[in-house]
Amino acid sequence: MKFGGTSVGSAQRMKNMVSLVAAEGDVMVVLSAMSGTTNSLISISQSIKDNEPANARKQIDDLENKYFDTARELLSDPDLHKKAEEGIKNIFTSLREYIDKPFSLKEEKEVVAFGEKLSTMLVILYMQQCKYDAVLLDATEFMRIDENGEPDQKFIKENIRKTLNENPGHKIYLTQGFICRNSKGEIDNLQRGGSDYTASLLGAAIPAEEIQIWTDIDGMHNNDPRFVEGTKPVNELHFEEAAELAYFGAKILHPTCVLPAKYANIPVRLLNTMEPEAEGTRIFNTAPTRKIKAVAAKDNITAIKIKSSHMLLAYGFLRKVFEIFEKYQTSIDMITTSEVGVSVTIDNERNLKQIVEELSELGNVTVDRDMVIVCVVGDLEWQNRGFEADVVNALKEVPVRMISYGGSNYNISLLIKKDDKIKALKLLSKHLF
């Protein structure tokens, strides 16, 4: 069971979360930092880097007081409350020591890791107050990334099992999400997907019967509820469908974090701590077929068209195009080709000027900014007749710059102008659902 920052965002929410955990029993619980804490720690790090010690001290004092208040509200047992106050003082004393010493990315990662240490320390004390059979495991003992920043799954599997064998027979195992050590043994983090990734990696390593991601949303919806009224959670998704939706804008999940669960064939369930009785979304390898499930949109897309008359049908043209994007470490979302050219989309303009300059040597280049990729996800295996026609017909009133279909069995992507995004999402909901 993984709980995000809003699920542990206050003393009351921590109490609600512990009730959910206790009702389940035989669980490993992965916690994020309290909502707002990681941002505060990043801001403190910035103040230290900018050589603003007074500002850093004030931010640290404010954050420490927030934790004293939370501990007071959470823990009525005087001994446990005293223990919490001592723990908070120790952590914030350590935090203040960073102000007067050299501060690099290594130190920043150590500072940011305090958030998960604080949330798990408070929650384990509250579990002890409730007399639950719980133990706190230090994630930095078994979560590790390799020199490429990728999870060292062999190390994780061996060391979580070793840690569990050293702490046998408990009903609840509690640990930190997001934080880990790197190949040099330094404190680091999992970056993409954060605590969700921790839960998926640990669920696969144990292995668990199910991985539950608890947030403040009742699952993945069939469209974006911020723009479209009457959206509904999708009850069941294939791992591939969930990854497509996550990649193309469904913020509830990071596309990378479900991979360990997918390969271990362990279902993932997305649930809502505010509505624990809601069914949520179940993601697994054999989801129902022959249905369009959901729509997502990815903003801030730039389209680039390279047209080259003298490269007509020439082999090597695409290789030269892709080598330029590879050189500038810029990934491509969509691609469509014709006999004389190619159109691609990117979501990172950092090296756009250099990319366009080099592409111009291959042909005429045009750039369209402020575009949106709308992604329709479901069982879109090409022999399922009519599904792609339904999608295109739904958008007959919207100008479409590119369509990508057939690259996967699970999505159709359409590139449109930012100004048409909400209209497109509403039309797709109306026609498809």
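**Contacts, packing and backbone**

Tutor: Setting aside neighbours within four places in sequence, Met143 is in contact with Ile156, Ile179, Cys180, Arg181, Leu190, Thr198, Leu201 and Leu202. Please keep in mind that this is a predicted model.

Student: Where is Met143 found?

Tutor: Met143 sits in the loop that runs between strand E3 (134-136) and helix H7 (153-166).

Student: Is Met143 buried or exposed?

Tutor: Met143 is buried, because its relative accessible area is 0%, and the cut-off for buried is under 20%.

Student: How far apart are Met143 and Ile160 in space?

Tutor: Their C-alpha atoms are 8.0 Å apart, while in sequence the two residues are separated by 17 residues.

Student: Let us move to Ser195. Which helix holds it?

Tutor: Ser195 is in helix H8, which spans residues 194-205. Ser195 is buried, at a relative accessible area of 7%.

Student: What is Ser195 in contact with, leaving aside neighbours within four places in sequence?

Tutor: Ser195 is in contact with Lys2, Val30, Leu31, Ser32, Gly177 and Phe178.

Student: Now helix H12. Which of its residues are buried?

Tutor: In H12 (residues 352-359), the buried residues are Leu352, Ile355 and Leu359. Viewed down the helix axis, these buried residues fall within an arc of 65°, so they line one face of H12.

Student: Why would residues with that spacing point the same way?

Tutor: An α-helix has 3.6 residues a turn, so residues three or four places apart point the same way.

Student: And what covers the buried residues of H12?

Tutor: The cover includes strand E11 (292-307), helix H11 (317-327), strand E13 (341-346) and strand E14 (364-378).

Student: Next, helix pairs. At what angle do H3 and H4 pack?

Tutor: Helix H3 (residues 53-74) and helix H4 (residues 78-96) pack at about 165°, and their axes are 10 Å apart. H3 and H4 are therefore roughly antiparallel to each other, since the cut-off for that class is over 145 degrees. Their crossing is right-handed.

Student: Which residues make the contact between H3 and H4?

Tutor: H3 contributes Ile60, Asp61, Leu63, Glu64, Tyr67, Phe68, Ala71 and Arg72, and H4 contributes His81, Ala84, Glu85, Ile88, Lys89, Phe92, Leu95 and Arg96. By class, the residues of this contact are nine nonpolar, one polar and six charged.

Student: How do H13 and H14 cross?

Tutor: The axes of helix H13 (residues 387-394) and helix H14 (residues 421-432) cross at roughly 135° and come within 9 Å. That angle makes H13 oblique to H14. The crossing is right-handed.

Student: Which residues meet there?

Tutor: Asp390, Val391 and Ala394 of H13 meet Leu427, Leu428, His431 and Leu432 of H14. The residues of the contact between H13 and H14 comprise five nonpolar, one polar and one charged.

Student: Turning to the backbone, which residues does a cis peptide bond join?

Tutor: A cis peptide bond joins Ile206 and Pro207, with omega of about -10°. Pro207 lies in the loop between H8 and strand E7 (211-215).

Student: What is phi at Asn265?

Tutor: Asn265, which is not a glycine, has a positive phi of about 60°. Asn265 lies in the loop between helix H10 (259-264) and strand E9 (268-272). At 53% relative accessibility, Asn265 counts as exposed.

Student: And what is phi at Asp370?

Tutor: Phi of Asp370 is near 55°, again a positive value in a residue other than glycine. Asp370 is found in strand E14 and is partly exposed, at a relative accessible area of 48%.

Note on methods
Residues are numbered from 1 along each chain as its sequence is written. This is a predicted model: local features need pLDDT of at least 70, side-chain atom pairs count only at pLDDT 80 or more; totals for chains, interfaces and linings use all residues. Side-chain values use heavy atoms; hydrogens and water are left out. Helices (H or I, at least four residues) and strands (E, at least two) are DSSP runs, numbered from the N terminus. Buried means under 20% relative accessible area, exposed over 50%, partly exposed in between (1.4 Å probe, protein chains only). Contact means heavy atoms within 4.5 Å. The arc is that of the directions from the helix axis to the C-beta atoms. Axes are lines fitted to C-alpha atoms, for helices over the stretch in contact, and angles run from 0 to 180 degrees between N-to-C directions. Angles under 35 degrees count as roughly parallel, over 145 as roughly antiparallel, 65 to 115 as roughly perpendicular and the rest as oblique. A crossing is left-handed if the near helix is turned anticlockwise from the far one by less than a right angle, and right-handed if clockwise. Ala, Val, Leu, Ile, Met, Phe, Trp, Tyr, Cys and Pro count as nonpolar, Asp, Glu, Lys and Arg as charged, and the others, Gly among them, as polar.
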